[in-house]
Amino acid sequence: MQTKHINLALQGGGAHGAFTWGVLDRLLDEDWIEIDAISGTSAGALNGAALKAGLAGGKPAQTRRRPNRRHNAQVILRELWGSIPSHTDKRLTSWMGSLFPVPQGMNRIIEAFSPSAWLDQMTRVYSPYDSGVFYSNPLAPIAQALDFEAISSQEGPELFVAATNVRSGKIRVFGGAEVTLDAVLASACLPTVFQAVEIEDPKTGILEAYWDGGFTGNPPLFPLFEPRLPSDIMIVHINPMIRETVPTSPVEIEDRVNEISFNSSLLRELRAIDFVHRLIAEGRIPEGAMKDVRIHLVGDDEVMTALGTDTKILPDEEVMTRLMTAGQAAADRFLTAHADDLGQRSTIDLRAMFS
């Protein structure tokens, strides 16, 4: 197969990002696919950082030898997601324990009732700032294991990570040497669970606070429109666009509101791309004035709609294995059906998505 160059756009969705892990693992099996750039938000930022670390030559934490870079990336992704269930279990008890004087008593309550339900209710009453000096970002130990020297280097694909500026409400996209540990943590900073991540703005020198990038770009596509990058953008999509049934319970309603909210920025960008496609097709703008990007989408709404928001926050190994396997299968189906389309044409009908 002739080498084909693509960009990846990795959506956020908490622990459901294990699906993206599976997609990436399958793509890395194909040496004819060259990944030139990655745009990621939240879990997509973590996946993108792990992928970049491997492809830039970063060394997996648990290996003494350095095999080929594709295998490096697969190992680093496996290490990243393998560490998440144990850290997640510790997070709930440590976070609760920092709010209450008798953590043992709270632990017994947590064990007696649904942990995800308790976490959801507690975030409505207590702020992460109520932890005071006991606060620590639960994602930090997971992300710290990544090789940020490799991630911020010029080796391997370009990496863009999105976060939301709390003060302005605008998106900020970190790229190149800006992709630090704090940038990745900011991209995944759910404001009801984590304290805002503060990062200095190099233009103003102001220390700005950031929340999850999913509010403003999930993931942002516009960094991938640069002329130097390929025209093919493969979106790994993990928040369901369509649910056939109307949610009726409070939990179902909130789940659907979150899905719609976290898909809205992506849909806006896809509408803009479709508009540019029409302008180019009708000859209404000069040739080459705007990039004519080709869009591809890998996802599995059937798998995702069967899962609730609780599995995004408090996953177990069984769910993550299921998602990883589903991601591998989805990528395999895409490659079987559309490998020849890469570099030639889009494989989704944007107009149909909005009709």
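**Packing, contacts and backbone geometry of the predicted model**

Leu190 has a relative accessibility of 33% and therefore counts as partly exposed (buried means under 20% relative accessible area, exposed over 50%, partly exposed in between; 1.4 Å probe, protein chains only). The model is a predicted one, in which local features need pLDDT of at least 70 and side-chain atom pairs count only at pLDDT 80 or more, while totals for chains, interfaces and linings use all residues. Residues are numbered from 1 along each chain as its sequence is written, and side-chain values use heavy atoms, with hydrogens and water left out.

Leu190 is placed in the loop between helix 8 (181–187) and strand 5 (197–200); helices (H or I, at least four residues) and strands (E, at least two) are DSSP runs numbered from the N terminus. Together with Val166, Trp211 and Phe215, Leu190 makes a nonpolar surface patch of about 300 Å². Patch residues have over 30% relative accessible area and no salt bridge, with like charges joined within 9 Å and nonpolar side chains (Val, Leu, Ile, Met, Phe, Trp, Tyr) within 5 Å.

In the protein chain there are 13 helices and 8 strands. Buried residues account for 51% of its 355 residues. The accessible surface of the chain is about 16,800 Å², and carbon and sulfur atoms contribute 53% of that area (Shrake-Rupley method, 1.4 Å probe; for residues, only the protein chains shown count as cover). Of the contacts between residues at least 6 apart in sequence, 76% join residues at least 24 apart, a contact being heavy atoms within 4.5 Å.

The whole structure contains 3 aromatic pairs (ring centres of Phe, Tyr and Trp, the last by its six-membered ring, within 6.5 Å; planes under 30 degrees apart are stacked, over 60 edge-to-face, the rest tilted). One of them joins Phe174 and Tyr210, whose ring centres are 5.6 Å apart and whose planes stand at 70 degrees, so the pair is edge-to-face. Because Phe174 lies in strand 4 (residues 171–175) and Tyr210 in strand 6, this pair ties together parts that are 36 residues apart in sequence. Phe174 is buried at 0% relative accessibility, and Tyr210 is buried with a relative accessible area of 1%. Phe215 and Phe262 have ring centres 5.2 Å apart and planes at 55 degrees, so this pair is tilted. Phe215 is in the loop between strand 6 and strand 7 and Phe262 in helix 9 (residues 250–281), so the pair ties together parts 47 residues apart in sequence. Phe215, also a member of the nonpolar patch, is partly exposed at 39%, whereas Phe262 is buried at 15%.

Strand 6 also holds Glu208, which is buried at 4% relative accessibility. Leaving aside neighbours within four places in sequence, Glu208 is in contact with Asn165, Arg167, Val197, Glu198, Ile199 and Asp201. The C-alpha atoms of Glu208 and Ala196 are 9.3 Å apart, with a separation of 12 residues in sequence.

Salt bridges number 16 in the structure, each being a side-chain nitrogen of Lys or Arg within 4 Å of a carboxyl oxygen of Asp or Glu. Glu34 and Arg70 form one of these, at 3.7 Å from N to O. Glu34 belongs to strand 2 and Arg70 to helix 3 (residues 69–97), so the pair ties together parts that are 36 residues apart in sequence. Glu34 is partly exposed at 32%, while Arg70 is buried at 18%. Between Arg333 and Asp300, the closest N and O atoms of the salt bridge are 3.4 Å apart. This pair links distant parts of the chain, with Arg333 in helix 12 (residues 317–338) and Asp300 in the loop between strand 8 (294–298) and helix 10 (301–305), 33 residues apart. Arg333 is partly exposed at 45%, and Asp300 is buried at 15%. Arg284 and Glu282 form a salt bridge at 2.9 Å between the closest N and O atoms, and both residues are exposed. A network of salt bridges links Arg26, Glu30 and Asp332.

Helix 2 has 13 residues and spans 18 Å from first to last C-alpha, close to the 18 Å expected at 1.5 Å a residue (1.5 Å times one less than the number of residues). Helix 2 is largely enclosed by the rest of the structure, because 13 of its 13 residues are buried.

Ser42, which is not a glycine, has a positive phi of about 55 degrees. Ser42 sits in the loop between strand 2 (33–41) and helix 2 (43–55) and is buried at 9% relative accessibility. Just after helix 2, Gly57 has a positive phi of about 95 degrees. The peptide bond joining Asn218 and Pro219 is cis, with omega at about -10 degrees. Pro219 lies in the loop between strand 6 (207–212) and strand 7 (232–236).
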